[in-house]
Structures are given as structure tokens and as C-alpha cells.
Amino acid sequence: SATAEAVRQLSNFQETVVPQATESNPLVFFPTPSNAVWNHLRIKFVDGETVSVKVGDVTGRLLFSQMGMADGRTAKPTKQWELLKEFARGLGTMTWSSPGATRKNQKRKELLSDNLKAFFRIDGEPFRPTANGQGWHTNFSVEPDA
């Protein structure tokens, strides 16, 4: 276990190095371990606006707004957040037969990918095409709320 001094120094280091959320930019950055890859990430919806996240030994509970998925005009969840929920409902898979399937999902998936890469700072792609090319799989675990 860490001493009180070690905890204080680590906290000071994180405040200095890890970007912090501000009122104008509520996006926080997840303290992703440096060796993390996409299949280390687990996202579980707690409710419609909150997720429990785990990457390796690091865990967190986050609102959609903290992950940069709030509409700047309405403060409601973005279409990318809704798409992430659709992926959760499909346990990480979305195809043309999925309930939320629409042509607009191509662009939404690209924006969601950019958002996840920026938030988690993991190299590579968070999504891959299905074997038949008619949908996508997440390269991470995502689950709906119970």
C-alpha cells in the first residue's frame, strides 16, 4: 500500500499532467494505462446517462458529458452516445438488422470512434467491420444496463 506522501505526490502529478475538465469543456480524459489496447476496455451502462468503465486496473463511473458526448446547444446526449448505447444493446455488434440501424450510423460511428480515441487515448481503431461487411463489432466490451 502507498504511503500518504506517495498518494499526495501521485495526486499532484495527475493534476499537473492529466488534462482537467472545465465548465466550458467538461470532457475529462480517462487515466488509461500506457500499455492499454482496445480489448482491455470494458464499458457497462449503469443507466441511460452513466457508464462504468474499466481499463486494466483503472475504473471509473462517468456521465456522457464527461466523455465529451453532450450536445453543446442542448446539453443532452449526442447521437454518438445513442450509438454507443445501441452497440451495448447488441453486446458490441451492430448490423443492418439491429433495431437502431440507419445509414446515418456510418458517420456517427466515425465520430464515436474519434471521440473514444480522444477520451481513452488508446491507439488503433475501436471498431472493426463484421465478417460480411454489413455492420461493425466493437474492439472493446460494451454492455447495456440491466
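Me: What is the order of the elements of the protein chain from the N terminus on, and what makes a run an element?
Reply: In this predicted model, the order is α-β-β-β-α-β-α-β-β-β. A DSSP run of H or I with at least four residues is a helix, and a run of E with at least two is a strand, numbered from the N terminus. The protein chain has three helices and seven strands.

Me: Which conditions apply to the model and its numbering?
Reply: Residues are numbered from 1 along each chain as its sequence is written, and side-chain values use heavy atoms, without hydrogens and water. Local features need pLDDT of at least 70 and side-chain atom pairs pLDDT 80 or more, whereas totals for chains, interfaces and linings use all residues.

Me: Why is Thr78 called buried?
Reply: Buried means under 20% relative accessible area, exposed over 50%, and partly exposed in between (1.4 Å probe, protein chains only). Thr78 has a relative accessible area of 13%, and is therefore buried. Thr78 lies in the loop between β3 (58–63) and α2.

Me: What makes the pairing of the Thr78 and Gln80 side chains a polar contact?
Reply: The term requires a pair of N or O atoms within 3.5 Å; within protein, one must be able to donate a hydrogen and the other to accept it, and residues adjacent in sequence count only if both atoms are side-chain atoms. The two side chains make such a contact at 3.3 Å.

Me: Which residues of helix α2 are buried?
Reply: In α2 (residues 79–89), the buried residues are Gln80, Trp81, Leu83, Leu84, Lys85, Phe87 and Ala88.
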